[in-house]
Amino acid sequence: WKVGEGSNSGVYYRPGQYEYQILDNGKHPDGSNPRTSAASLYFGMAPSKDATRPFGEWNTGRIVCQGSVIQHWVNGVKVIDFDYTDPRWAEDVARLGARGGDVTARGAFLSLQDHGDPVWYRSIRMRSIPAGEEIEHATVQPATVPPEALKKEAAILERIRKSREESRSPKGK
């Protein structure tokens with residue numbers, strides 16, 4: 001994948017809000033928060049570091065899911081590797097759930113997000129991991145999220161919560 005200057009996109013890979021973020025980290029506002037930067041599990045888990053190339057250059061991405069383990073790779077570097085049943089990641093899983101993601105959900109198709117920004121994809125391949133094939137799993141520590149980004153996240157989650165409440169309340173009251 002590659003992006004134009006300031007571009008934003010993503011690859012959805014499970015039902016709900018499971019997105020491998022595709023982004024120009026240097027120019028797009030989401031690049032200031034590791035949990036919304038390129039290769040993040042958008043709004044859920046930050047990559048350990050920014051291993052992307054600058055806008056206009058090709059990057060390789062890889063998503064691996066086996067059982068309760070989720071991995072994101074960028075340019076040959078494993079930047080996310082966690083088991084969502086591990087209590088250490090309960091807060092991250094809950095944040096993802098607040099956006100509409102269910103870590104146990106299965107059965108989605110790959111879909112490419114379109115915000116109208118210039119983004120290119122090539123050589124997209126999918127394969128099932130055969131029964132008995134083990135993936136190498138070793139937890140990768142997510143990057144630290146700056147305090148200002150945490151404030152913005154809290155505001156976003158509050159807007160989501162209010163929107164859901166309003167959609168559940170009877171009309172006209």
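Good morning, colleagues. Because the model is predicted, local features need pLDDT of at least 70 and side-chain atom pairs count only at pLDDT 80 or more, while totals for chains, interfaces and linings use all residues. Residues are numbered from 1 along each chain as its sequence is written, and side-chain values use heavy atoms, with hydrogens and water left out.

I begin with helix H1, residues 90-99. Helices here are DSSP runs of H or I with at least four residues, strands are runs of E with at least two, and both are numbered from the N terminus. Within H1, Asp-92, Arg-95, Leu-96 and Arg-99 are buried, that is, under 20% relative accessible area with a 1.4 Å probe and protein chains only; exposed means over 50%, and partly exposed lies in between. These four cover an arc of only 95° around the axis, and so sit on the same side of H1; the arc is taken from the directions from the helix axis to the C-beta atoms. Strand S3 (18-23) and helix H2 (147-168) are among the elements that cover the buried residues of H1, where contact means heavy atoms within 4.5 Å. After H1 comes Gly-100, with a positive phi near 120°.

A salt bridge requires a side-chain nitrogen of Lys or Arg within 4 Å of a carboxyl oxygen of Asp or Glu, and the structure holds 11 of them. Arg-95 pairs with Glu-91 at 3.9 Å between the closest N and O atoms; the two are four residues apart in H1, which means a separation of about one helical turn. Arg-95 is buried at 6% relative accessibility, whereas Glu-91 is exposed at 62%.

Arg-95 also meets Glu-153 in a salt bridge, at 3.6 Å from N to O. Since Glu-153 lies in H2 and Arg-95 in H1, this pair ties together parts that are 58 residues apart in sequence. Both partners are buried.

Helix H2 holds a further pair, Glu-158 and Arg-161, three residues apart, with closest N and O atoms 2.3 Å apart. Glu-158 is partly exposed at 31%, as is Arg-161 at 35%.

Finally, the hairpin. Strands S4 (residues 61-66) and S5 (residues 69-74) run antiparallel and are joined by six bridges; pairing requires at least two bridges found by DSSP. Ile-63 stands opposite His-72 in S5. Two residues lie between the strands, and Gly-67 takes a positive phi near 60°.
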